[in-house]
Every structure is written in structure tokens, then in C-alpha cells.
Amino acid sequence: MKHEIYADNAATTKLDKEAFEAMLRWLNEEYGNASQPYAFSRKPKKAIAEARAVIAGCINAEPEEIFFTSGGTESDNWAIKGSAFSNPDKKAIITSQIEHPAVLNACRRIETLGYPVAYLPVDSEGLVSRSMLERFITDNTRLVSIMLANNEIGTIEPICELATVAHRHGALVHTDAVQAIGHIPVDVKALDVDVLSASAHKFNGPKGVGFLYIKKGTVIAPIVDGGSQERGMRAGTENVAGIVGMAVALKNNCEKLDENAAHIISLEKKLIAALDENGLDYVRNGAQYHSPGNISLSFKGADGEGLLHRLDLMGISVSTGSACDSHNTQISHVLKAIGLSREYAEGTIRVSLGKDNTAEDVSKIASSLCKILL
Ligand code: PLP
């Protein structure tokens, strides 16, 4: 079925054309294994080194602080398990109740291995507070892992402020920046983080590739064992095309960050104005400072899943709470954590706009919602 309007950019984004073109060469011409010592592998090896430098430059890191992975899920697992497994003297982990399942389930796994985990509550906008962290942190805390931008409601967390508290107790700081990179400025030094996760397909790169930033001097155990790729930190034959595509996409998005954000925010305002003009009974979830285009709307008395399907029939792709949770008809853990009442929470959809959306798309989304709900 043809989907005329794609408004689920928090689930995945369209591959950047230049990234796609840059990838082709490494799939069908220069397909050598980057870890081999002969001449045929020199070019892919060089391409990986160049991509690493470009990516590092985009987040104010050094190239040797970037480790390639298969995406956000692996990066999050590595950050959590790799910090837990690397220090037998400090075992506790602190995270929040609204993290992505890649973080939450990695934490649940290490809990079964004897690592204590605290899941911090958030306020009604989804914000983790410094005082809450101060209540839970001890000198036994190995890692504080709080996401930069929430995937369901877009809230941007005060990472730098939380990092000050964590570092005072000698804990490492990880942030899942999967929904932030390529959409808001991300500077690892300004954020004061030790470890940061990213995924290419959320910023117009290819699927199945991402990276973990590990600050120089930070001890994180490898979790994928095998060959000595990525300086012995992450085994597996390098995804050369994916890595090259990721670097091109990130560079292009970072160069147009302000322009894209301004466009997307103007579309957000149009959508909200249209809903208000028509008198729909809804709440918008999340904090004022949120990732551009992430619009979580809860319509009183509506059925979010039903809304998604009705919009789908009208040629509009949106999601309920979160794409990774679309088979789960229960209220999402994020909406529960912000304390949204059931009558609103059940009627929640996430419209996530991207740089390719237009004013026309937004009018059609608003008029379709009115047709269904009024
Ligand atoms: N973290 C967040 C905040 C996400 O939104 C996602 C994907 O939805 C992930 C992690 C997982 O990333 P990937 O799809 O690359 O495994």
C-alpha cells in the first residue's frame, strides 16, 4: 500500500541520497575485508578511518573514542554491561524509568547477575531531576545511564547537570543519544559524558550500524567477543558501507541542523495550532525543550491503536507510544512514568516529523485527526 505521508521519523528516517551513493562503492567494487593486510583492503580501511574522524568531529570527540557497532541497541547494551563487567568494586547502576527497552532490558539482565539497578522516577514532563539522582547515588554506583532525548515524548534531559552529580561520586555517565544526534547539537565535552550511544538510521543513515563513544581513559569491557577489530573492543568484520553511509548522513544533518530544526518546529506549531482551532480535547506530552518534530498527543477517550490504523488507511504513517512497542497494547512505560491518566494515555499517538515533511503533510494530518475524532 502506498504511504503518502510518513510521520514516524522517530522510528526510522529516509536514507540520505548522498550517503546511499557513497555506500555503493564499498558494496560492489571495493568489497575487501578492511582487516586484511593486503592492498585490496587498504581503501576500505582508509574509508573507515575517514568516517571515524568525520563522526568524531560532529560530536567534538577524538577519532579513537569512536567504536562502530550494529546500532543503538548494541551500543546501549555495551555501555550498560561493559561498565558493569569492568569494575568488581562498584556494581550499582542507576537509570531512569523512561529509557528505551535497549537500556531497560540490558539493566534487567544484569540485575539477574547480581548487579543492583535503580530506576529513577521522572516528573510529569519526563524530566529526571538532580535531586532525585542525589537521593539514589552512592559511592558504589558504577554507572548513571540517562537518555539525552526520549523516543516517545521527545523530552531532552539535563545530562550535564546530572553528570556533575554522578562524577562527584566517581560514577561513569552514559547517555543514549539515539534520538538526539543529527537533530540537536551534541557535544560530548559540553554534555560531560563518558559513554554515548548513537544509531545511524535515526539521522538519515543506513540501518544496522551505529557507534559508541567511549571517552579516552574510560574502562569499559568489550561484550562482543571474537576477532580484534575496533582495537579489540568490538569483534566482527567491519560494515564498511554502513560506516561510510553513517558518516556522510551525520555530516549532512549536522551541517543543516539549525535549518532543519527551524523547518520542523514551524511544522510542529502548525499542527498544534490546527488541533487547537478545531477544539480537539488532547494533551501534548513531554517537556518544552524536546527533540524537534517529536509530538506525543493523547486524545481523551480515544484508542491510540485504532487511531493509528484509521490514519494508516488515510495514507498517514504515525506510531502509538513507540515503534519498538507497537505490539504491546498496554499503556507505555513512559506514559505511566509521567503519570498520564488512563483516559488520555490510551488515546496516544506519536507524530514524528522530519526534514522532508511539508506544511501540506501537517494540514492533512490535522484534518484527518479531526475527521476521525470530531
Ligand atoms: N535508543 C533509543 C532512544 C531509540 O529510540 C532506539 C530505537 O528506536 C534505540 C535505542 C535502538 O536503536 P536501534 O534501532 O539502532 O537498535
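## Buried helix positions and the ligand site

L275 counts as buried, at 0% relative accessibility (buried means under 20% relative accessible area, exposed over 50%, partly exposed in between, with a 1.4 Å probe and protein chains only). The model is predicted, so local features need pLDDT of at least 70 and side-chain atom pairs count only at pLDDT 80 or more, while totals for chains, interfaces and linings use all residues. Residues are numbered from 1 along each chain as its sequence is written, and side-chain values use heavy atoms, with hydrogens and water left out.

L275 lies in helix 9 (residues 257–277); helices (H or I, at least four residues) and strands (E, at least two) are DSSP runs, numbered from the N terminus. Leaving aside residues up to four places away in sequence, L275 touches L280, Y282, L297, F299, A366 and L369, where contact means heavy atoms within 4.5 Å. L275 and L369 are 94 residues apart along the chain, and 8.3 Å separates their C-alpha atoms.

S368 is placed in helix 13 (residues 359–373). S368 is also buried, with a relative accessible area of 2%.

Helix 2 (residues 42–58) has 17 residues and reaches 25 Å from its first C-alpha to its last, close to the expected 24 Å; the expected span is 1.5 Å times one less than the number of residues. Its buried residues are P44, A47, I48, A51, R52, I55, A56 and C58. They pack against helix 1 (17–28), strand 2 (66–69), strand 8 (210–214) and helix 8 (240–255). Just after helix 2, N60 takes a positive phi of about 60°.

The ligand is surrounded by 14 residues, and the closest are T73, D176, Q179, S199 and K202; a residue is near the ligand if one of its heavy atoms lies within 4 Å. This shell divides into 3 nonpolar, 8 polar and 3 charged residues. Its largest share, 3 residues, comes from helix 3 (residues 72–84).

| Side chain | Distance to a ligand oxygen atom |
|---|---|
| Q179 | 2.8 Å |
| S199 | 2.6 Å |
| H201 | 2.9 Å |

Taken alone the ligand exposes 390 Å², and the protein buries 89% of that; accessible areas come from the Shrake-Rupley method with a 1.4 Å probe.

Conventions. Polar contact = N/O pair within 3.5 Å; in protein donor to acceptor, adjacent residues only side chain to side chain. Nonpolar A, V, L, I, M, F, W, Y, C, P; charged D, E, K, R; others polar.
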